[in-house]
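Hi,

Here's the model we talked about, handed over for you to look at.

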Amino acid sequence: MRAQFVLSEIGVGLRRNLTMTIAVVVSVALSLALAGASLLVRDQVNSMKDYWYDKVEVSIYFCAKADHNSPQCASGAATNDQIQQVKSELDKLTPLVQSSTFETPTEAYQHFKESNPDNPLLAAVGPEAMPASWRVKLSDPTKYDVIQSQFAGKPGVKSVEDQRKILENLFGLLRGLQTAAFVIMTLMLCVALLLIVNTVRVSAFSRRRETGIMRLVGASNFYVQMPFIAEAAFAALLGAGLASLLLLGGHFFVQGWLAKKVAFIHFIGLSSVLAVIPLMVVVGMLMAGIAAFFTLRKYLKV
(Lines give C-alpha, C1' and ligand atoms only; values in the text may rest on other atoms or scores of the structure.)
Protein backbone atom coordinates (compact mmCIF):
# COMPACT_ATOMS: atom_id res chain seq x y z
CA MET A 1 0.00 0.00 0.00
CA ARG A 2 1.32 3.43 -0.87
CA ALA A 3 1.68 5.63 2.16
CA GLN A 4 1.20 8.73 0.00
CA PHE A 5 -2.27 7.55 -1.03
CA VAL A 6 -3.31 6.89 2.57
CA LEU A 7 -2.06 10.31 3.71
CA SER A 8 -3.86 12.05 0.87
CA GLU A 9 -7.10 10.25 1.72
CA ILE A 10 -6.73 11.29 5.39
CA GLY A 11 -6.41 14.91 4.32
CA VAL A 12 -9.44 14.63 2.05
CA GLY A 13 -11.56 13.08 4.80
CA LEU A 14 -10.55 15.68 7.39
CA ARG A 15 -11.34 18.55 5.02
CA ARG A 16 -14.72 17.16 3.97
CA ASN A 17 -15.89 16.63 7.57
CA LEU A 18 -14.04 19.47 9.27
CA THR A 19 -16.73 20.37 11.83
CA MET A 20 -17.32 16.74 12.84
CA THR A 21 -13.58 16.16 13.04
CA ILE A 22 -13.24 19.13 15.39
CA ALA A 23 -16.08 17.72 17.50
CA VAL A 24 -14.30 14.34 17.64
CA VAL A 25 -11.00 15.97 18.65
CA VAL A 26 -12.63 18.02 21.42
CA SER A 27 -14.72 15.15 22.81
CA VAL A 28 -11.77 12.75 22.76
CA ALA A 29 -9.59 15.39 24.42
CA LEU A 30 -12.09 15.98 27.22
CA SER A 31 -12.76 12.29 27.82
CA LEU A 32 -9.06 11.40 27.86
CA ALA A 33 -8.24 14.39 30.06
CA LEU A 34 -10.87 13.22 32.55
CA ALA A 35 -9.51 9.67 32.34
CA GLY A 36 -6.00 10.96 33.04
CA ALA A 37 -7.26 13.18 35.85
CA SER A 38 -9.03 10.21 37.42
CA LEU A 39 -5.80 8.20 37.39
CA LEU A 40 -3.85 11.13 38.81
CA VAL A 41 -6.39 11.63 41.61
CA ARG A 42 -6.02 7.95 42.48
CA ASP A 43 -2.24 8.35 42.60
CA GLN A 44 -2.65 11.51 44.69
CA VAL A 45 -4.84 9.73 47.25
CA ASN A 46 -2.40 6.82 47.50
CA SER A 47 0.54 9.21 47.82
CA MET A 48 -1.18 11.19 50.56
CA LYS A 49 -2.07 8.02 52.44
CA ASP A 50 1.53 6.85 52.33
CA TYR A 51 2.76 10.29 53.40
CA TRP A 52 0.26 11.08 56.15
CA TYR A 53 -0.53 7.66 57.54
CA ASP A 54 3.14 7.31 58.32
CA LYS A 55 2.90 10.46 60.47
CA VAL A 56 -0.41 10.02 62.26
CA GLU A 57 -0.52 9.07 65.93
CA VAL A 58 -3.00 7.49 68.30
CA SER A 59 -3.61 9.67 71.34
CA ILE A 60 -4.57 8.18 74.70
CA TYR A 61 -6.07 11.10 76.65
CA PHE A 62 -6.22 11.00 80.46
CA CYS A 63 -8.81 12.56 82.69
CA ALA A 64 -8.10 16.12 83.84
CA LYS A 65 -9.58 18.09 86.70
CA ALA A 66 -11.97 19.83 84.34
CA ASP A 67 -13.40 16.47 83.21
CA HIS A 68 -15.15 15.59 86.49
CA ASN A 69 -18.56 15.75 84.76
CA SER A 70 -17.55 13.17 82.17
CA PRO A 71 -18.78 9.59 82.86
CA GLN A 72 -15.32 8.21 82.07
CA CYS A 73 -13.72 10.55 84.60
CA ALA A 74 -16.15 10.26 87.52
CA SER A 75 -13.30 9.25 89.84
CA GLY A 76 -11.36 12.44 89.08
CA ALA A 77 -8.11 13.26 87.35
CA ALA A 78 -5.81 10.44 86.32
CA THR A 79 -3.09 9.52 88.81
CA ASN A 80 0.58 8.98 88.02
CA ASP A 81 0.14 5.26 88.69
CA GLN A 82 -2.63 5.05 86.09
CA ILE A 83 -0.50 6.92 83.56
CA GLN A 84 2.47 4.62 84.17
CA GLN A 85 0.23 1.55 83.98
CA VAL A 86 -0.79 2.58 80.46
CA LYS A 87 2.87 3.08 79.56
CA SER A 88 3.83 -0.39 80.79
CA GLU A 89 1.05 -1.95 78.71
CA LEU A 90 2.15 0.02 75.64
CA ASP A 91 5.67 -1.37 76.07
CA LYS A 92 4.23 -4.89 75.86
CA LEU A 93 2.69 -4.16 72.43
CA THR A 94 6.04 -4.03 70.63
CA PRO A 95 6.51 -4.20 67.62
CA LEU A 96 3.04 -2.73 66.90
CA VAL A 97 3.88 0.32 69.02
CA GLN A 98 6.80 1.96 67.28
CA SER A 99 7.21 4.75 69.85
CA SER A 100 5.25 6.60 72.52
CA THR A 101 5.66 10.16 73.80
CA PHE A 102 4.09 11.63 76.90
CA GLU A 103 2.54 15.09 76.57
CA THR A 104 1.90 17.04 79.77
CA PRO A 105 -1.07 19.41 80.17
CA THR A 106 1.32 22.38 79.90
CA GLU A 107 2.75 21.06 76.63
CA ALA A 108 -0.76 20.34 75.32
CA TYR A 109 -1.84 23.88 76.18
CA GLN A 110 1.21 25.31 74.43
CA HIS A 111 0.51 23.28 71.28
CA PHE A 112 -3.12 24.35 71.32
CA LYS A 113 -2.05 27.98 71.72
CA GLU A 114 0.35 27.75 68.79
CA SER A 115 -2.23 26.05 66.57
CA ASN A 116 -5.11 28.38 67.52
CA PRO A 117 -3.61 31.77 68.38
CA ASP A 118 -6.90 33.64 67.84
CA ASN A 119 -9.15 31.23 69.74
CA PRO A 120 -11.15 33.12 72.42
CA LEU A 121 -10.96 30.08 74.73
CA LEU A 122 -7.31 30.89 75.40
CA ALA A 123 -8.37 33.75 77.68
CA ALA A 124 -10.75 31.53 79.66
CA VAL A 125 -8.77 28.32 80.16
CA GLY A 126 -5.29 27.40 81.27
CA PRO A 127 -3.04 24.35 81.19
CA GLU A 128 -5.13 22.67 83.89
CA ALA A 129 -7.99 22.31 81.40
CA MET A 130 -5.87 20.31 78.96
CA PRO A 131 -5.53 16.54 79.35
CA ALA A 132 -2.24 14.71 79.61
CA SER A 133 -1.78 12.05 76.92
CA TRP A 134 0.39 9.37 75.47
CA ARG A 135 1.06 10.03 71.77
CA VAL A 136 1.53 6.59 70.23
CA LYS A 137 3.09 5.99 66.81
CA LEU A 138 2.14 2.61 65.33
CA SER A 139 4.19 0.57 62.89
CA ASP A 140 0.88 -0.21 61.13
CA PRO A 141 -1.58 2.73 61.50
CA THR A 142 -4.47 0.58 60.24
CA LYS A 143 -4.37 -1.43 63.49
CA TYR A 144 -5.69 1.43 65.57
CA ASP A 145 -8.46 -0.85 66.87
CA VAL A 146 -5.91 -2.81 68.91
CA ILE A 147 -5.08 0.30 70.95
CA GLN A 148 -8.73 1.36 71.08
CA SER A 149 -9.95 -1.95 72.47
CA GLN A 150 -7.17 -2.33 75.01
CA PHE A 151 -7.11 1.15 76.56
CA ALA A 152 -10.59 2.64 76.10
CA GLY A 153 -12.44 2.55 79.41
CA LYS A 154 -9.38 1.90 81.56
CA PRO A 155 -9.18 3.80 84.89
CA GLY A 156 -7.98 7.34 84.29
CA VAL A 157 -8.36 7.14 80.48
CA LYS A 158 -10.78 9.67 79.05
CA SER A 159 -10.64 8.65 75.37
CA VAL A 160 -8.53 7.05 72.64
CA GLU A 161 -8.45 8.97 69.38
CA ASP A 162 -6.93 8.18 66.01
CA GLN A 163 -5.71 11.11 63.89
CA ARG A 164 -6.58 9.14 60.77
CA LYS A 165 -10.21 10.13 61.27
CA ILE A 166 -9.25 13.73 60.58
CA LEU A 167 -7.71 12.73 57.26
CA GLU A 168 -10.48 10.36 56.19
CA ASN A 169 -12.79 13.27 55.32
CA LEU A 170 -10.16 14.68 52.99
CA PHE A 171 -9.49 11.29 51.42
CA GLY A 172 -13.25 10.75 51.09
CA LEU A 173 -13.55 14.03 49.20
CA LEU A 174 -10.73 13.07 46.86
CA ARG A 175 -12.26 9.64 46.25
CA GLY A 176 -15.56 11.35 45.49
CA LEU A 177 -13.83 13.59 42.96
CA GLN A 178 -12.21 10.53 41.42
CA THR A 179 -15.58 8.79 41.10
CA ALA A 180 -17.17 11.88 39.58
CA ALA A 181 -14.31 12.19 37.09
CA PHE A 182 -14.69 8.51 36.19
CA VAL A 183 -18.46 8.84 35.60
CA ILE A 184 -18.06 11.97 33.46
CA MET A 185 -15.17 10.31 31.62
CA THR A 186 -17.38 7.31 30.77
CA LEU A 187 -20.10 9.58 29.41
CA MET A 188 -17.59 11.57 27.38
CA LEU A 189 -16.04 8.39 25.97
CA CYS A 190 -19.50 7.28 24.83
CA VAL A 191 -20.03 10.67 23.16
CA ALA A 192 -16.61 10.44 21.52
CA LEU A 193 -17.34 6.92 20.23
CA LEU A 194 -20.67 8.05 18.76
CA LEU A 195 -19.00 11.01 17.07
CA ILE A 196 -16.25 8.79 15.66
CA VAL A 197 -18.82 6.33 14.31
CA ASN A 198 -20.90 9.10 12.72
CA THR A 199 -17.83 10.79 11.27
CA VAL A 200 -16.64 7.54 9.70
CA ARG A 201 -20.13 6.86 8.32
CA VAL A 202 -20.40 10.30 6.76
CA SER A 203 -16.90 10.05 5.35
CA ALA A 204 -17.56 6.58 3.91
CA PHE A 205 -20.89 7.70 2.44
CA SER A 206 -19.35 10.76 0.79
CA ARG A 207 -16.65 8.59 -0.78
CA ARG A 208 -18.82 5.58 -1.61
CA ARG A 209 -18.11 5.97 -5.34
CA GLU A 210 -14.35 5.85 -4.84
CA THR A 211 -14.53 2.87 -2.50
CA GLY A 212 -16.88 1.10 -4.94
CA ILE A 213 -14.39 1.53 -7.76
CA MET A 214 -11.58 0.29 -5.53
CA ARG A 215 -13.58 -2.85 -4.71
CA LEU A 216 -14.38 -3.47 -8.38
CA VAL A 217 -10.71 -3.35 -9.35
CA GLY A 218 -9.85 -5.89 -6.65
CA ALA A 219 -8.73 -3.74 -3.69
CA SER A 220 -8.57 -5.67 -0.42
CA ASN A 221 -10.73 -4.91 2.59
CA PHE A 222 -7.68 -3.62 4.46
CA TYR A 223 -6.73 -1.30 1.59
CA VAL A 224 -10.23 0.17 1.51
CA GLN A 225 -10.53 0.52 5.27
CA MET A 226 -7.09 1.88 6.05
CA PRO A 227 -7.64 5.55 5.06
CA PHE A 228 -10.80 5.77 7.19
CA ILE A 229 -9.20 4.04 10.20
CA ALA A 230 -6.12 6.23 9.91
CA GLU A 231 -8.32 9.31 9.68
CA ALA A 232 -10.15 8.41 12.92
CA ALA A 233 -6.87 7.50 14.64
CA PHE A 234 -5.31 10.80 13.57
CA ALA A 235 -8.25 12.77 14.99
CA ALA A 236 -7.92 10.77 18.23
CA LEU A 237 -4.18 11.52 18.28
CA LEU A 238 -4.95 15.25 18.07
CA GLY A 239 -7.45 14.83 20.91
CA ALA A 240 -4.87 12.94 23.01
CA GLY A 241 -2.35 15.71 22.39
CA LEU A 242 -4.86 18.33 23.53
CA ALA A 243 -5.69 16.20 26.60
CA SER A 244 -1.97 15.98 27.41
CA LEU A 245 -1.67 19.76 27.27
CA LEU A 246 -4.67 20.09 29.61
CA LEU A 247 -3.11 17.71 32.14
CA LEU A 248 0.27 19.45 31.96
CA GLY A 249 -1.43 22.82 32.39
CA GLY A 250 -3.32 21.49 35.40
CA HIS A 251 -0.09 20.14 36.90
CA PHE A 252 1.77 23.44 36.57
CA PHE A 253 -1.25 25.26 38.04
CA VAL A 254 -1.25 22.93 41.04
CA GLN A 255 2.50 23.13 41.57
CA GLY A 256 2.80 26.85 40.87
CA TRP A 257 -0.21 28.15 42.80
CA LEU A 258 -2.24 25.57 44.70
CA ALA A 259 0.75 23.88 46.36
CA LYS A 260 1.70 27.22 47.92
CA LYS A 261 -1.82 27.77 49.27
CA VAL A 262 -2.32 24.23 50.59
CA ALA A 263 1.05 23.41 52.09
CA PHE A 264 -0.14 20.41 54.11
CA ILE A 265 -0.84 18.33 50.97
CA HIS A 266 2.05 16.47 49.39
CA PHE A 267 1.21 16.75 45.66
CA ILE A 268 2.41 14.20 43.12
CA GLY A 269 5.15 15.26 40.72
CA LEU A 270 5.49 15.75 36.97
CA SER A 271 6.66 12.15 36.52
CA SER A 272 3.17 10.89 37.40
CA VAL A 273 1.62 13.11 34.71
CA LEU A 274 4.19 12.05 32.10
CA ALA A 275 3.49 8.39 32.92
CA VAL A 276 -0.23 8.85 32.17
CA ILE A 277 0.19 10.66 28.82
CA PRO A 278 1.40 7.66 26.73
CA LEU A 279 -1.50 5.59 28.08
CA MET A 280 -3.98 8.27 26.98
CA VAL A 281 -2.47 8.37 23.48
CA VAL A 282 -2.63 4.58 23.08
CA VAL A 283 -6.17 4.32 24.46
CA GLY A 284 -7.44 7.18 22.29
CA MET A 285 -5.99 5.84 19.04
CA LEU A 286 -7.07 2.26 19.75
CA MET A 287 -10.58 3.39 20.63
CA ALA A 288 -10.88 5.36 17.39
CA GLY A 289 -9.31 2.66 15.24
CA ILE A 290 -11.49 -0.16 16.60
CA ALA A 291 -14.67 1.94 16.34
CA ALA A 292 -13.83 2.84 12.73
CA PHE A 293 -13.03 -0.79 11.85
CA PHE A 294 -16.38 -2.16 13.02
CA THR A 295 -18.28 0.76 11.54
CA LEU A 296 -16.75 0.22 8.10
CA ARG A 297 -17.57 -3.49 7.84
CA LYS A 298 -20.97 -2.79 6.27
CA TYR A 299 -19.45 -0.43 3.68
CA LEU A 300 -17.18 -3.15 2.26
CA LYS A 301 -20.17 -4.91 0.71
CA VAL A 302 -20.03 -3.27 -2.68
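R135 counts as buried, since its relative accessibility is 19% and the cut-off for that label is under 20%. Keep in mind that this is a predicted model. The side chain of R135 makes a salt bridge with E103, where the closest N and O atoms are 2.9 Å apart. R135 sits in strand β3 and E103 in strand β2 (residues 97-103), so the pair ties together parts that are 32 residues apart in sequence. E103 is buried as well, at 7% relative accessibility.

That pair is one of five salt bridges in the structure. Two others I looked at:

- K154 and E89 meet through their side chains at 3.3 Å, N to O. K154 is in the loop between α5 (144-151) and β4, while E89 belongs to helix α3 (residues 80-91), so this bridge ties together parts that are 65 residues apart in sequence. K154 is partly exposed, with a relative accessible area of 26%, whereas E89 is buried at 11%.
- D43 and R42 form a salt bridge too, at 3.5 Å from N to O. Here D43 is partly exposed with a relative accessible area of 25%, and R42 is also partly exposed, at 39%.

Now the overall layout. The protein chain has nine helices and four strands, and along the sequence they come in the order α-α-β-α-β-α-β-α-β-α-α-α-α. There are 302 residues in the chain, and 40% of them count as buried. If you take the contacts with a separation of 6 or more, 82% are between residues 24 or more positions apart. The chain exposes about 16,900 Å², with carbon and sulfur atoms supplying 64% of that area.

How many of the five residues of strand β1 (residues 58-62) are buried? Five of the five are, so β1 is largely enclosed by the rest of the structure. In a regular strand, side chains alternate between the two faces of the sheet. In β1, V58, I60 and F62 point one way, and S59 and Y61 point the other way. As for its partners, β1 runs antiparallel to strand β3 (residues 133-138), joined by four bridges, and Y61 stands opposite S133 there. β1 also runs antiparallel to strand β4 (residues 157-162), this time with five bridges, and the bridge partner of I60 in β4 is V160.

Then there's the nonpolar packing. In soluble globular proteins, nonpolar side chains tend to be buried together. The largest nonpolar core here has 29 residues, and V28, I196 and M280 touch the most other members. Helices α2, α6 (164-206), α8 (221-261) and α9 (270-296) each put in at least two residues, and α9 gives the largest share of this core, with nine. Leaving out residues up to four places away in sequence, I196 touches V24, V28, A232, M287, A288 and A291. Apart from this core lies another one, of 19 residues, including A78, L90, L93 and A132.

A29 is worth a click while you have α2 on screen: this residue is in that helix, which covers residues 18-53. A29 is buried, with a relative accessible area of 1%. Beyond its neighbours within four places in sequence, A29 is in contact with G239, L242 and A243. A29 and M280 are 251 residues apart in sequence, yet their C-alpha atoms are 9.4 Å apart in space.

Last, the aromatics. The count comes to three aromatic pairs. One of them is F293 with F294, an edge-to-face pair with centres 5.3 Å apart and 80° between the planes. F293 is partly exposed, at 36% relative accessible area.

That's what I have for now.

Cheers

How values were computed:
Residues numbered from 1 in each chain as written. Predicted model: local features only at pLDDT ≥ 70, side-chain atom pairs only at ≥ 80, totals over all residues. Heavy atoms only, no water. Buried < 20%, exposed > 50% of the residue type's maximum accessible area, 1.4 Å probe, protein only. Contact = heavy atoms within 4.5 Å. Areas by Shrake-Rupley, 256 points an atom, 1.4 Å probe, with all protein chains shown as cover. Phe/Tyr/Trp six-rings, centres within 6.5 Å; stacked < 30°, edge-to-face > 60°. Core = buried A, V, L, I, M, F, W, Y, C linked by side-chain atoms within 4.5 Å. Pairing = 2+ DSSP bridges. Salt bridge = Lys/Arg side-chain N within 4 Å of Asp/Glu carboxyl O.
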